Amino acid sequence: MFNNSEAEQQVAEFLLQIKAIKLQPNNPFTWASGWKSPIYCDNRITLSHPTVRTYIRQQLTQLIQEKFGAVGCIAGVATAGIPQGVLIAQELGLPFIYVRSKPKEHGTGSLIEGDVVTGKRVVVIEDLISTGKSSLQAVAALREAGYHVAGLAAIFTYQFDVATENFTEAKCPFVTLSNYSALIKYAEQHQYVSTDDVDMLKKWRENPSEWGR
């Protein structure tokens, strides 16, 4: 049985310990979108840590089985969702495919890579959800290719309201192992950040596109 609260805290602990998540409230990062951010998340780092990698694989597998039931295929979102998706597909003994951010510019011009068999019920795997835009592009591509998308699973979400709105509009349920609230709670309890930093971190999530300007 998947334990949601336990997984939230354990994944938050792992991500901070291995520095897959970095918190710098007083020296913010700049995302590709141009947003200023006191947090940076790179879940690809989990792949270099066998204990963390195994825990995430096992917990995501349990979460998918509990929330989505039987599926016929796992689909990763390029690029960071690919290795996580492969690990889960292996755990479940299922076929794996992945969705490019744009069609291949040579050869077959494929957008979806793998042995594409339409009609299958698929769960999409991401490493991280911010606004959900790239994830939902993959969902749309899979639907257009004839797949039934049961939902999407990811390691971590920033819990932006816009992401919830985007997934709701796309009629695509999603689940994650951990989230921003759980992370900040753990970070404060274990003195990764000060109480003043926590206030700043909470304000950032309320309006990330304007924060720091």
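Let's start at Leu 128, which is found in strand β8. Keep in mind that this is a predicted model. Is Leu 128 buried or exposed? Its relative accessibility is 19%, and the cut-off for buried is under 20%, so Leu 128 counts as buried.

What does Leu 128 touch, leaving out residues up to four places away in sequence? Cys 41, Asn 43, Ala 154, Phe 156 and Tyr 158. Hold on to those last two names.

Which elements each supply at least two lining residues? Strand β4, residues 39-41; strand β8, residues 121-129; and helix α4, residues 133-144. The largest share comes from β8, with four residues.

Now the annotation. An unreviewed UniProt entry places the feature "binding site" at Arg 100, Lys 104, His 106 and the residues Glu 126, Asp 127, Leu 128, Ile 129, Ser 130, Thr 131, Gly 132, Lys 133 and Ser 134. These positions spread over 35 residues of sequence, and in space they reach up to 30.2 Å between C-alpha atoms. Which of them does the lining of the largest pocket take in? Glu 126, Asp 127, Leu 128, Ile 129, Ser 130, Thr 131, Gly 132, Lys 133 and Ser 134.

Take Gly 132 from that set. It lies in the loop between β8 and α4. Gly 132 is buried, with a relative accessible area of 3%. Not counting residues up to four places away in sequence, Gly 132 touches Ala 163 and Phe 167.

That brings us to the aromatics. The structure holds 14 aromatic pairs. Back to Phe 156 and Tyr 158: their ring centres are 5.7 Å apart and the planes stand at 90 degrees, so this pair is edge-to-face. Phe 156 is buried at 0% relative accessibility, and Tyr 158 is buried at 2%. Then there is Phe 167, the contact of Gly 132. Phe 167 pairs with Phe 174, 4.4 Å centre to centre with 40 degrees between the planes, a tilted arrangement. Phe 167 is buried at 2% relative accessibility. Phe 174 is partly exposed at 26%.

Last point. Phe 156 and Tyr 158 belong to one aromatic cluster with Trp 31, Trp 35, Phe 160, Tyr 180 and Trp 204. And Leu 128 touches both Phe 156 and Tyr 158.

Terms used:
Residues numbered from 1 in each chain as written. Predicted model: local features only at pLDDT ≥ 70, side-chain atom pairs only at ≥ 80, totals over all residues. Heavy atoms only, no water. Phe/Tyr/Trp six-rings, centres within 6.5 Å; stacked < 30°, edge-to-face > 60°. Buried < 20%, exposed > 50% of the residue type's maximum accessible area, 1.4 Å probe, protein only. UniProt positions renumbered as here; feature names shortened; annotations may be inferred. 1 Å grid on protein atoms, 1.4 Å probe; cavity = no way out; pocket = protein on both sides within 12 Å on 5 of 7 lines; lining within 4 Å. Contact = heavy atoms within 4.5 Å.
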